[in-house]
Amino acid sequence: MIAGTYVLDPAHTTIGFVARHAMVTKTRGKFEDFEGTITVAENIADSKADVTIKSASINTGNDDRDGHVKGDDFFAVEKYPELTFTATSFNVDEAGNGTVTGDLTIKGVTKPVTLDVETEGLAEDPFGNTRFGFEATTKINRLDYGIDFNAPLKTGGVLVSEEIKIELEVSAIKQ
């Protein structure tokens, strides 16, 4: 990996999530308004990353559902307009594969999470930008962040899973 500061490219980055719905399928969503900076240090362990996501930018592909998850039952976007992630440690090899641990804040609650990171590559695009690409995943329990809405199903189980998978596909441009 090449040391330097990289900024997330929103046009080529997806910050998404997956939840079980009605115990029979998965519902996916993503956040469309975010910014982030990754500073890759010569000593990778000294690297830094900060991401801020506008909670109202959630998009699940369904306007009614989006309205519900923006409300107090889920993200309460009026009261908590941002979600944040700040990296606290990097445990990755020279190729950029490994884990990144950091503090994830949702609805004013901050908890540590560990992302499994797989670097996709480093390349110069046709416009002369150096791009760094990677994928990262983790799982959280939404109840830990005060997102506790649910409805029981007649067949057993609940409407929305407690476990949420977070999936990142990132393209960042060197500054």
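1. Lys107 is in contact (heavy atoms within 4.5 Å) with Asp72, Phe74, Phe75, Ala76, Tyr80, Tyr145, Gly146 and Ile147, leaving aside neighbours within four places in sequence. Lys107 sits in the loop between strand S8 (98-106) and strand S9 (109-124); strands are DSSP runs of E, at least two residues, numbered from the N terminus.

2. This is a predicted model, in which local features need pLDDT of at least 70 and side-chain atom pairs count only at pLDDT 80 or more, while totals for chains, interfaces and linings use all residues. Residues are numbered from 1 along each chain as its sequence is written, and side-chain values use heavy atoms, with hydrogens and water left out.

3. Lys107 is buried but has no salt bridge, and Asp148, the nearest side chain of opposite charge, is 5.9 Å away. Buried means under 20% relative accessible area (1.4 Å probe, protein chains only); a salt bridge needs a side-chain nitrogen of Lys or Arg within 4 Å of a carboxyl oxygen of Asp or Glu. A polar atom of the Lys107 side chain lies 3.1 Å from the backbone oxygen of Gly146.

4. The largest nonpolar core has 41 residues, and Phe31, Phe75, Phe85, Leu104, Ile106 and Ile140 touch the most other members. Such a core joins buried Ala, Val, Leu, Ile, Met, Phe, Trp, Tyr and Cys residues through side-chain atoms within 4.5 Å. Strand S11 (residues 160-174) gives the largest share, 6 residues.

5. Strand S1 (residues 4-8) pairs in the antiparallel sense with strand S4 (residues 34-40) over 4 bridges and with S11 over 3 bridges; pairing requires at least two DSSP bridges. Val7 stands opposite Thr37 in S4 and opposite Ile173 in S11.

Terms used: Buried means under 20% relative accessible area, exposed over 50%, partly exposed in between (1.4 Å probe, protein chains only). Lys and Arg count as positive and Asp and Glu as negative; His and the chain ends are not counted. A polar contact is a pair of N or O atoms within 3.5 Å; within protein, one must be able to donate a hydrogen and the other to accept it, and residues adjacent in sequence count only if both atoms are side-chain atoms.
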